[in-house]
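Subject: The structure we talked about

Hi,

Here is the structure I promised to hand over. Have a look around it first, then read on for what turned up.

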Amino acid sequence: HRRPDVALERAGRAAPDWSGGTRLGEALRAFNAEHGRRGVARGAVVVILSDGWDRGDPALVAREMERLRRLAHRVVWVNPRSARPGFAPLAGGMAAALPHVDVLLSGHSLAAFEEVLAAIRGEG
């Protein structure tokens with residue numbers, strides 16, 4: 001749809017997890033199973049775009065992030081909430097994932113997106 005507000009509203013209705021926290025651990029497990037050891041994740045730069053709010057088990061997030069980190073060349077996590085003053089990675093999924101992340105960036109603006117691109121290239 002041409003109007004962003006209408007497009008977002010429609011996307012929200014189409015996505016069952018919209019504004020309710022995702023199931024990061026389950027998504028990571030599915031990604032690792034499909035694209036892990038013999039797939040595209042092996043030796044790749046993996047970019048995850050998430051605020052880290054998870055409604056699943058943080059232990060599953062930690063386990064699957066550890067597995068992904070062993071496979072990937074680098075893991076870049078883009079969390080737009082991290083740009084806020086006073087941000088602390090306390091959300092269950094984010095806290096569980098952080099030890100297995102090489103770079104945590106905000107990606108909240110065009111300038112911040114340049115940092116994301118630099119991290120993907122391995123700069124800085």
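Leaving aside its neighbours within four places in sequence, which residues is V75 in contact with? Keep in mind that this is a predicted model. The list runs V46, I48, M65, L68, R69, H100, V101, D102 and V103.

Some of those names come back in the largest nonpolar core. That core has 15 residues, and the ones touching the most other members are L28, I48, V61, M65, L68, V75 and W77. At least two residues of this core come from each of α2 (24–35), β1, α3 (58–71), β2 (74–78) and α4 (92–97). Another core lies apart from it, made of 5 residues, including V76, L105, V116 and A119. As background, nonpolar side chains tend to be buried together in soluble globular proteins.

Now for the strands. β1 and β2 run parallel, with 5 bridges joining them.

Together with V47 and I120, L49 makes a nonpolar surface patch of about 260 Å².

Last, the charged pairs. How many salt bridges does a search of the whole structure find? There are 7, and here are three of them to look up:

- R81 and D51 form a salt bridge, with their closest N and O atoms 3.4 Å apart. R81 is in the loop between β2 and α4 and D51 is in the loop between β1 and α3, so this pair ties together parts that are 30 residues apart in sequence.
- E66 and R70 meet through their side chains at 3.8 Å, N to O. Both are in helix α3, and because they are 4 residues apart, about one helical turn separates them. E66 is partly exposed at 38%, whereas R70 is exposed at 61%.
- R23 pairs with E26, the closest N and O atoms being 3.4 Å apart. R23 is partly exposed at 32% relative accessibility, and E26 is partly exposed at 40%.

Cheers

Note on methods:
Residues are numbered from 1 along each chain as its sequence is written. This is a predicted model: local features need pLDDT of at least 70, side-chain atom pairs count only at pLDDT 80 or more; totals for chains, interfaces and linings use all residues. Side-chain values use heavy atoms; hydrogens and water are left out. Patches are made of residues with over 30% relative accessible area and no salt bridge: like charges are joined within 9 Å, nonpolar side chains (Val, Leu, Ile, Met, Phe, Trp, Tyr) within 5 Å. Accessible areas come from the Shrake-Rupley method with a 1.4 Å probe; for residues, only the protein chains shown count as cover. A salt bridge is a side-chain nitrogen of Lys or Arg within 4 Å of a carboxyl oxygen of Asp or Glu. A nonpolar core is a set of buried Ala, Val, Leu, Ile, Met, Phe, Trp, Tyr and Cys residues joined through side-chain atoms within 4.5 Å. Buried means under 20% relative accessible area, exposed over 50%, partly exposed in between (1.4 Å probe, protein chains only). Contact means heavy atoms within 4.5 Å. Two strands pair if DSSP finds at least two bridges between them.
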